[in-house]
Amino acid sequence: MNRACRLWPLPWRACANLGFRTLNSASSYSAFSFRASPTFTASSRLPGTVEVSKQRFEELLESEMVHFARAMKPHPMTLQQILHLRDPTELREFLLEELPIRYARRVQLIESLPGWNSFGSMRMIRSLYFDAFRRLRALTQEDKDSFRSELQAIKRRNGNMLFHVVRGARAMRTNTTLADEQVNRFLDEFLTARIGTDILSSQYLAITRPDTPTSVVNPECDPVGVVRSAARDAATLCRHHYGWSPPIDIVDVGQVRFPFISQYLNYIMFELLKNSLRAMVEKFGSRPEAEAYPIRVVICGDDDTVVLRVSDSGGGIPLDDMEQVWSYMYTTARPACEEASNGEMSPNEDDDSDDDGVAPLAGFGCGLPLSRPCYVGGWLELNSIPEFGTDTYLYLNRAGNAQEELRTDLDAALPIRGSLLNGAYYSSASSVSPNL
Ligand SMILES: Nc1ncnc2c1ncn2[C@@H]1O[C@H](COP(=O)(O)OP(=O)(O)OP(=O)(O)O)[C@@H](O)[C@H]1O
Ligand SMILES: [Mg+2]
């Protein structure tokens, strides 16, 4: 018996003994049939339900979450597998177990950061994931419509997660002994895992779309079309901020089609092109000066790999800085967020994005690290010719058979049993120095 089971045996044993429904998989069970109640009233019990106090209910959920994080394993997926998840009932059954496991592991990851509980952003993220866990655990497999609306609600509520988690992690870097490397590793793991969860949820929403069911994975993704659209958007943003935009040439060498998530590719190419546009604008003063040096995107590949190269003549990156560009804390632009005295970040007061609601072209410092397509087994390389320009290479798995990068082990220390009440749970969990 593993450590998690030894420490936290009660809730799931209780469920089995009380005859709660069980899932197909022997290792798990369906949603609680608990009803939180201020007092336990045996006479008002509905068949198959147990009434517990609200506080006890929260404790049970907390301990169930530890069980999900520690004793159950997420299932890493490939894009091909996601593409073939087309049966709403099967996918719902799968997600009712898979998503809570993934949310629970995200909570454990947060708790693995020493002192996380002193930072508002981290507490908020934890509570958002706990809420998502609770919402899904309250559903049964028959709750078809509720499942869809809960997924939508979770997605909506978690919409600003990226901003909060980067903000929280940076604040922790500034105000604790956490090293840059630990923060970067935490963000890498957290954000990569988040992409997987988001894609699985999006797949369910896509295949149950009332009028036109579809898949989140495009079996015939056209990278050239995606790059054209990303280039249009990046150029529009550039013109908005600088009044002009350098030229972009798109060269389609291979007429590639492959299974991929078009929005994900669009996101990556938009980030890479924004970087090139900014570098060009800062090197050349106007469009006529830049005309002879278009940013060039080449798209090609062989049977296994699709390659997209973005080349610019924007002055390159000093070779000494090449390591740092992958850090979530590195930017040479005026930061889009500034740190307040409490270590939390607030939007830059005279930032363009505040004035007119339009995002800045650079300054968040996360464009490159977030564009590494490790989620689907690809990689991103950057080569600089200092004083001349930068070549960025994006390599993607063409067959869609690379497995999602998902850690199936967990280093985070377990909370100490018995200290759940009055918030002591949080401080005891966070006082254990994790091996991030
Ligand atoms: N093509 C490029 N040419 C020159 N410098 C670049 C290029 N791409 C990236 N960089 C350097 O790497 C830094 C980090 O890039 P990254 O995209 O991660 O963050 P950012 O552009 O500063 O902010 P944002 O997250 O808003 O994109 C940039 O600030 C810039 O100094
Ligand atoms: Mg950028």
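These legends describe close-up views of a predicted model.

Local features need pLDDT of at least 70 and side-chain atom pairs count only at pLDDT 80 or more, while totals for chains, interfaces and linings use all residues. Residues are numbered from 1 along each chain as its sequence is written, and chains are lettered from A and ligands numbered from 1 in the order in which they are written.

**View 1. The protein chain has 15 helices and 11 strands.** Both are DSSP runs numbered from the N terminus: helices are H or I with at least four residues, strands E with at least two. The chain holds 436 residues, and 36% count as buried. Buried means that 20 or more other C-beta atoms, placed from the backbone, lie within 10 Å of the residue's own. Among contacts with a separation of 6 or more, 73% link residues 24 or more positions apart. A contact requires two C-beta atoms, placed from the backbone, within 7 Å.

**View 2. Helix α10 spans residues 223–242.** Its 20 residues reach 28 Å from first C-alpha to last, close to the 28 Å expected at 1.5 Å a residue. That expected span is 1.5 Å times one less than the number of residues. The buried residues of α10 are P223, V226, V227, A230, A231, A234, L237 and C238. They cover an arc of only 135 degrees around the axis, which puts them on the same side of α10. The arc is taken from the directions between the helix axis and the C-beta atoms. An α-helix has 3.6 residues a turn, so residues three or four places apart point the same way. Cover for the buried residues of α10 includes β3 (218–221), β4 (248–252), α11 (262–283), β6 and β7. Just after α10, G243 takes a positive phi of about 85 degrees.

**View 3. Strand β7 pairs with β6 and with β11.** Pairing takes at least two DSSP bridges between two strands. β6 (residues 295–301) and β7 (residues 305–312) run antiparallel, joined by 6 bridges. They form a hairpin with 3 residues between them. C300 has V307 of β7 as its bridge partner. β7 also pairs with β11 (residues 389–397) in the antiparallel sense, over 8 bridges. Here V306 is bridged to L396 of β11.

**View 4. Ligand 1 is surrounded by 21 residues.** Each has its C-beta atom, placed from the backbone, within 6 Å of the ligand. The closest are N275, T331, T332, F364 and G367. The elements giving two or more residues to this shell are α11 and α14 (367–371). α11 gives the most, with 5 residues.

How values were computed. A residue is buried if 20 or more other C-beta atoms lie within 10 Å of its own, exposed if 12 or fewer, and partly exposed in between; C-beta atoms are placed from the backbone.
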